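User: Hi! I am new to this structure and would like to walk through it with you. Could we take it one question at a time?

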Amino acid sequence: MKFYLKKISLLLFFILLQILFTNQIDFKYRSYSEIISLFENLAKKCPRYLKIDYAQNRYNLPYSHGECEGKKCQHLIVFMTDFFTFTEDRPHIYISGLLHGNEVIGGNTLSELAIFLCENPHGKIKILKNIFFTKLKWF
């Protein structure tokens, strides 16, 4: 487990470096509905690398008692890998965000990671290629 955490930490560090040095991203915090919309659009844009589902649909779970911007909160599940080469025995990595109330940074960090992976699936960073093509990511 520690091995994967080190890899993920290193991956996030390299992504941060690329963002800082390329200066291509204008960051803003996204609301719940903006994050849902972003992932729905990414799933359409990058179907080979990103699929989404909702915990309520996938596991027949009830909705939480709270509301998300006036609607019932759905728990988004994001799967990222190269689905053209995917096999069921591929190792899985689970990364969570927005599990706790008012946890703004988690969902936004994972959104930026998903955008980066979707736009750079064959990135120049060797560790990125290794993690992306050999693991299934659950967000």
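User: Is Lys-45 buried or exposed?
Analyst: Happy to start there. This is a predicted model, in which local features need pLDDT of at least 70, side-chain atom pairs count only at pLDDT 80 or more, and totals for chains, interfaces and linings use all residues. Residues are numbered from 1 along each chain as its sequence is written, and side-chain values use heavy atoms, with hydrogens and water left out. Buried means under 20% relative accessible area, exposed over 50%, and partly exposed in between (1.4 Å probe, protein chains only); at 53% relative accessibility, Lys-45 counts as exposed.

User: Which residue meets the side chain of Lys-45 in a salt bridge?
Analyst: A salt bridge is a side-chain nitrogen of Lys or Arg within 4 Å of a carboxyl oxygen of Asp or Glu. The N to O distance here is 3.5 Å, and the pair links distant parts of the chain, 74 residues apart, from helix α2 to helix α4. Helices (H or I, at least four residues) and strands (E, at least two) are DSSP runs, numbered from the N terminus. The partner of Lys-45 is Glu-119.

User: Which residue pairs with Asp-82 in a salt bridge?
Analyst: Asp-82 is buried, with a relative accessible area of 2%. Its salt bridge has an N to O distance of 2.8 Å and joins the loop between β4 and β5 (92-94) to the loop between α2 and β1. The partner is partly exposed at 28%, and its name is Arg-48.

User: How many salt bridges does the structure hold?
Analyst: Side chains of opposite charge can pair when their charged atoms come close. Another example is Arg-58 with Asp-53, at 3.5 Å from N to O. The number of salt bridges in the structure is four.

User: Which backbone oxygen does the side chain of Ser-111 reach?
Analyst: Ser-111 sits in helix α4 and is buried, with a relative accessible area of 0%. Beyond its neighbours within four places in sequence, Ser-111 is in contact (heavy atoms within 4.5 Å) with Arg-30, Ile-35, Leu-38 and Phe-39. At 2.7 Å, its side chain reaches the backbone oxygen of Gly-107.

User: Why is the pair of Phe-83 and Phe-86 tilted?
Analyst: Rings of Phe, Tyr and Trp (its six-membered ring) pair if their centres lie within 6.5 Å; planes under 30 degrees apart count as stacked, over 60 as edge-to-face and the rest as tilted. The structure holds one aromatic pair. The centres of Phe-83 and Phe-86 are 6.0 Å apart, and the pair is tilted because the planes stand at 55°.

User: Where is Asn-60, which has a positive phi?
Analyst: Most residues other than glycine have a negative phi, and most peptide bonds are trans. Asn-60 is not a glycine, yet its phi is about 55°. At 69% relative accessibility, Asn-60 counts as exposed, and its place is the loop between α3 (55-58) and β2 (67-68).

Conventions: A polar contact is a pair of N or O atoms within 3.5 Å; within protein, one must be able to donate a hydrogen and the other to accept it, and residues adjacent in sequence count only if both atoms are side-chain atoms.
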